[in-house]
Amino acid sequence: MSLAGSYNGGNTTGFASPAADSLEGPIDLAEILDLRRANRYPVRVSGEALIERGILPGDILIADAAAPPAHGKVAIVMVHGEVLVAQLAYRGGEWWLRPGRLGDVGQVVPDDAEIWAIVSGLVRTSV
């Protein structure tokens, strides 16, 4: 007996997908990265100084201008009119900028420099 000719699909009930609990709605990067706060800014990286730290040219850093400087954090610093992205180090009572390249000891943050923001996140738009 063949059933192929008698099936019309009208008596099916279907079932919920077992993966339905794992589905996520649209991802809102502004919410995840807290970009609606007044002191948060996305900043695109243009140099290669922090490649060893995993920060690549074209990455977007989330800069928090209200975060306090901290040893080991990546910071955006204004030095003599130039914008630098470097890792902060605190040694001997002074802040140092470490570019991230192995073997480079970095430089002391000059008195006229401004630690503008601390990087709190990173978005990579290509892999």
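# Salt bridges and the loop residues

Reader: Which side chain does Arg-124 meet in a salt bridge?

Author: The side chain of Asp-59. The two side chains are 2.6 Å apart, N to O. Arg-124 lies in the segment after strand S7 (114–123), and Asp-59 lies in the loop between S1 and S2, so the pair ties together parts 65 residues apart in sequence. A salt bridge here means a side-chain nitrogen of Lys or Arg within 4 Å of a carboxyl oxygen of Asp or Glu.

Reader: What kind of model is this?

Author: This is a predicted model, where local features need pLDDT of at least 70, side-chain atom pairs count only at pLDDT 80 or more, and totals for chains, interfaces and linings use all residues. Residues are numbered from 1 along each chain as its sequence is written, and side-chain values use heavy atoms, leaving out hydrogens and water.

Reader: Back to Asp-59. Buried or exposed?

Author: Asp-59 is buried, at 2% relative accessibility. The cut-offs: buried is under 20% relative accessible area, exposed is over 50%, and partly exposed is in between (1.4 Å probe, protein chains only).

Reader: How many residues does the protein chain have, and what share count as buried?

Author: The protein chain has 127 residues, and 24% of them count as buried.

Reader: What about helices and strands in the protein chain?

Author: The protein chain has one helix and seven strands. From the N terminus, the order is α-β-β-β-β-β-β-β. These elements are DSSP runs numbered from the N terminus: helices are H or I with at least four residues, strands are E with at least two.

Reader: How many salt bridges does the structure hold?

Author: Five. One of them joins Asp-64 and Arg-37, with the closest N and O atoms 2.9 Å apart. This pair links distant parts of the chain. Asp-64 is in strand S2 (residues 60–64), while Arg-37 is in the loop between helix H1 (29–32) and strand S1 (40–44). They are 27 residues apart.

Reader: And how far apart are Arg-37 and Asp-64 in space?

Author: From C-alpha to C-alpha, 9.1 Å.

Reader: Asp-64: buried or exposed?

Author: Asp-64 is buried, with a relative accessible area of 7%. Arg-37 is partly exposed, at 35%.

Reader: Give me another salt bridge. Which residue does Arg-36 pair with?

Author: Asp-28. Their side chains meet at 3.2 Å, N to O. Arg-36 counts as exposed, at 60% relative accessibility. Asp-28 is partly exposed, with a relative accessible area of 31%.

Reader: Switching to Arg-40. Where is Arg-40?

Author: Arg-40 is in strand S1. At 16% relative accessibility, Arg-40 counts as buried.

Reader: Which side chain does Arg-40 touch at 3.3 Å?

Author: The side chain of Ser-120, in a polar contact. Arg-40 also makes a polar contact of 3.5 Å with the side chain of Asp-64. A polar contact is a pair of N or O atoms within 3.5 Å; within protein, one must be able to donate a hydrogen and the other to accept it, and residues adjacent in sequence count only if both atoms are side-chain atoms.

Reader: Asp-34 next. Where does it sit?

Author: Asp-34 is in the loop between H1 and S1. Asp-34 is partly exposed, at 28% relative accessibility.

Reader: What is its phi?

Author: The phi of Asp-34 is positive, about 60 degrees, although Asp-34 is not a glycine.

Reader: What about the phi of His-80?

Author: His-80 has a positive phi too, near 50 degrees, and is a residue other than glycine. His-80 sits in the loop between strand S3 (74–79) and strand S4 (82–91). At 60% relative accessibility, His-80 counts as exposed.
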